[in-house]
Amino acid sequence: TPDTAFRLPNLYIRAGNPQAALQICRVMIAQRPNDLAMRTEIARLMAESGVTESAMKEITGLVTLRPTDIKLLMAAGDIYFQDKPGEAANYYRKVLEIETANNRARVQLGASLVRSTQYEAALPVLADALTREGDNHIAHANLATAYFKLQRYAEAAGQFLWLIRSKPETAASYFFLAISLDHLGECQQSLRAYQEFVRRADPVASKNEIEDANIKISLQQRLAKEGKCKTIIKEKGK
């Protein structure tokens with residue numbers, strides 16, 4: 001049956017054989033070329049299995065057939081997001097032109113702009129998304145990144161604090177909060193954030209960041225003991 005056939009590519013992907021999965025997907029498309037919902041799911045499956053170019057080609061063809069279909073445009077944005085975020089942004093913009101209330105498209109547009117290093121352009125999009133959905137974690141995370149990359153450390157620190165309150169188990173938020181506070185000259189708060197990062201971080205996955213944090217911790221502890229912490233940090237930022 002078609003449902004069983006669709007399960008088979010998933011099994012091949014889980015077994016580490018994406019090419020076998022892709023072959024089955026091509027057969028399914030040939031047998032049911034007018035089933036756009038199935039073809040959309042196949043495109044997503046291709047993207048998830050790492051067959052990105054095939055996924056992009058498939059979803060682009062579907063969008064050409066139905067250029068105002070919201071589900072297809074969202075799927076296209078999602079498939080392009082990792083490798084070609086600038087093009088993903090174009091798809092999410094098209095969704096918003098058709099359906100202005102679609103906040104997921106708005107959040108993903110902002111995230112795509114951040115991923116493609118268009119930080120200034122991302123700010124109003126993400127701010128708008130948060131006025132509509134104030135607890136959207138993805139929007140806060142991308143806004144924090146955009147502020148940080150633009151060296152607007154006060155705003156970045158505020159966003160990282162929100163992320164920590166929302167998900168205190170995420171170690172990376174403490175690391176970037178510490179750096180932001182360091183640039184602001186808030187030595188004592190930066191020190192505590194670095195210490196919390198080291199306590200929570202994965203010692204293997206975050207090895208380099210932990211080494212950097214430990215160097216900062218030693219420096220800030222010494223400066224704090226000497227009563228020079230805040231002044232010297234400010235001078236470093238000049």
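## How helices 11 and 12 cross

Helix 11 and helix 12 cross in a left-handed way. This is a predicted model, and in it helix 11 covers residues 171-183 while helix 12 covers residues 187-200. Their axes sit 8 Å apart and meet at an angle of about 160°. Since angles over 145 degrees count that way, helix 11 runs roughly antiparallel to helix 12.

So who does the touching? On the helix 11 side, the contact is made by Ala171, Ala172, Tyr174, Phe175, Leu177, Ala178, Ile179, Leu181 and Asp182. Helix 12 answers with Gln189, Ser190, Ala193, Tyr194, Glu196, Phe197 and Arg200. Sorted by type, the residues of this contact come out as 11 nonpolar, 2 polar and 3 charged.

## The aromatic cluster

Now for the rings. The model has 8 aromatic pairs, and one aromatic cluster is formed by Phe148, Tyr153, Phe160, Phe175, Phe176, Tyr194 and Phe197. Among these, Phe175 of helix 11 and Tyr194 and Phe197 of helix 12 also belong to the contact described above.

## Two pairs around Phe148

Take Phe148 and Tyr153: their ring centres are 5.7 Å apart with 80° between the planes, an edge-to-face pair. Phe148 counts as buried, with 15% relative accessibility, and Tyr153 is buried too, at 14%.

Phe148 also pairs with Phe176, again edge-to-face, with centres 5.2 Å apart and planes at 80°. This pair ties together distant parts of the chain: Phe148 belongs to helix 9 (residues 137-149) and Phe176 to helix 11, 28 residues apart. Phe176 has a relative accessibility of 31%, so this residue counts as partly exposed.

Notes. Residues are numbered from 1 along each chain as its sequence is written. This is a predicted model: local features need pLDDT of at least 70, side-chain atom pairs count only at pLDDT 80 or more; totals for chains, interfaces and linings use all residues. Side-chain values use heavy atoms; hydrogens and water are left out. Axes are lines fitted to C-alpha atoms, for helices over the stretch in contact, and angles run from 0 to 180 degrees between N-to-C directions. Helices (H or I, at least four residues) and strands (E, at least two) are DSSP runs, numbered from the N terminus. Angles under 35 degrees count as roughly parallel, over 145 as roughly antiparallel, 65 to 115 as roughly perpendicular and the rest as oblique. A crossing is left-handed if the near helix is turned anticlockwise from the far one by less than a right angle, and right-handed if clockwise. Contact means heavy atoms within 4.5 Å. Ala, Val, Leu, Ile, Met, Phe, Trp, Tyr, Cys and Pro count as nonpolar, Asp, Glu, Lys and Arg as charged, and the others, Gly among them, as polar. Rings of Phe, Tyr and Trp (its six-membered ring) pair if their centres lie within 6.5 Å; planes under 30 degrees apart count as stacked, over 60 as edge-to-face and the rest as tilted. Buried means under 20% relative accessible area, exposed over 50%, partly exposed in between (1.4 Å probe, protein chains only).
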